[in-house]
Amino acid sequence: MEQNTLGYWVWFLFIGGVIGWVAGILIRGRGFGILGDVVIGIVGSMLGGWMASVLGLSIGSSLGTFLMAIVGAVVLVGLTRFVVRHV
């Protein structure tokens, strides 16, 4: 799918929402709302990709990429909760 198509961006936001929702369920027991899930999912996915590169992990499958994105989103939610509690 080309990155400049509307379908690509709809799919990108949908996957971001799913990743954020899953992270919210794993950490808090519920999601963060549609907009919050999308933001957590997208930023968490980028964090997961960065973590994989720092750790020297090579992710060659869609499932591996999805799981690393969830790990990044879970880490992001955990860091956010830690900061909010200590501020």
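Contact is taken here to mean heavy atoms within 4.5 Å, and helices (H or I, at least four residues) are DSSP runs numbered from the N terminus. The structure is a predicted model, in which local features need pLDDT of at least 70 and side-chain atom pairs count only at pLDDT 80 or more, whereas totals for chains, interfaces and linings use all residues. Residues are numbered from 1 along each chain as its sequence is written, and side-chain values use heavy atoms, with hydrogens and water left out.

Two packed helices are described by the angle between their axes and the distance between the axes. The axes are lines fitted to C-alpha atoms, for helices over the stretch in contact, and the angles run from 0 to 180 degrees between N-to-C directions. Helix H1 (residues 6–28) packs with H2 at an angle of about 95°, the axes being 6 Å apart, which makes H1 roughly perpendicular to H2 (65 to 115 degrees). On the H1 side the residues in contact are Phe 12, Leu 13, Gly 16, Gly 17, Ile 19, Gly 20 and Trp 21, and these meet Asp 37, Val 38, Ile 40, Gly 41, Ile 42 and Ser 45 in H2.

H2 also packs with H3, at an angle of about 110° and with the axes 6 Å apart, so that H2 and H3 are roughly perpendicular to each other. The residues of H2 that take part include Ile 40, Val 43, Gly 44 and Ser 45, and those of H3 include Val 75, Leu 76 and Val 77.

Val 77 lies in helix H3 (residues 62–85) and is buried, with a relative accessible area of 2% (buried means under 20%, exposed over 50%, and partly exposed in between, with a 1.4 Å probe and protein chains only). When residues up to four places away in sequence are not counted, Val 77 touches Ala 23, Ile 27, Phe 32 and Ile 40. Phe 14, by contrast, is 63 residues from Val 77 in sequence and 19 Å from Val 77 in space, C-alpha to C-alpha.

In the loop between H2 and H3 lies Ile 59, which counts as partly exposed at 33% relative accessibility. Neighbours within four places in sequence aside, Ile 59 is in contact with Ala 52, Gly 64, Thr 65 and Met 68. Between Ile 59 and Gly 7 the separation is 52 residues in sequence and 24 Å in space, C-alpha to C-alpha.

Val 39, placed in helix H2 (residues 34–55), is likewise partly exposed, with a relative accessible area of 45%.

Note on methods
Helices (H or I, at least four residues) and strands (E, at least two) are DSSP runs, numbered from the N terminus. Angles under 35 degrees count as roughly parallel, over 145 as roughly antiparallel, 65 to 115 as roughly perpendicular and the rest as oblique.
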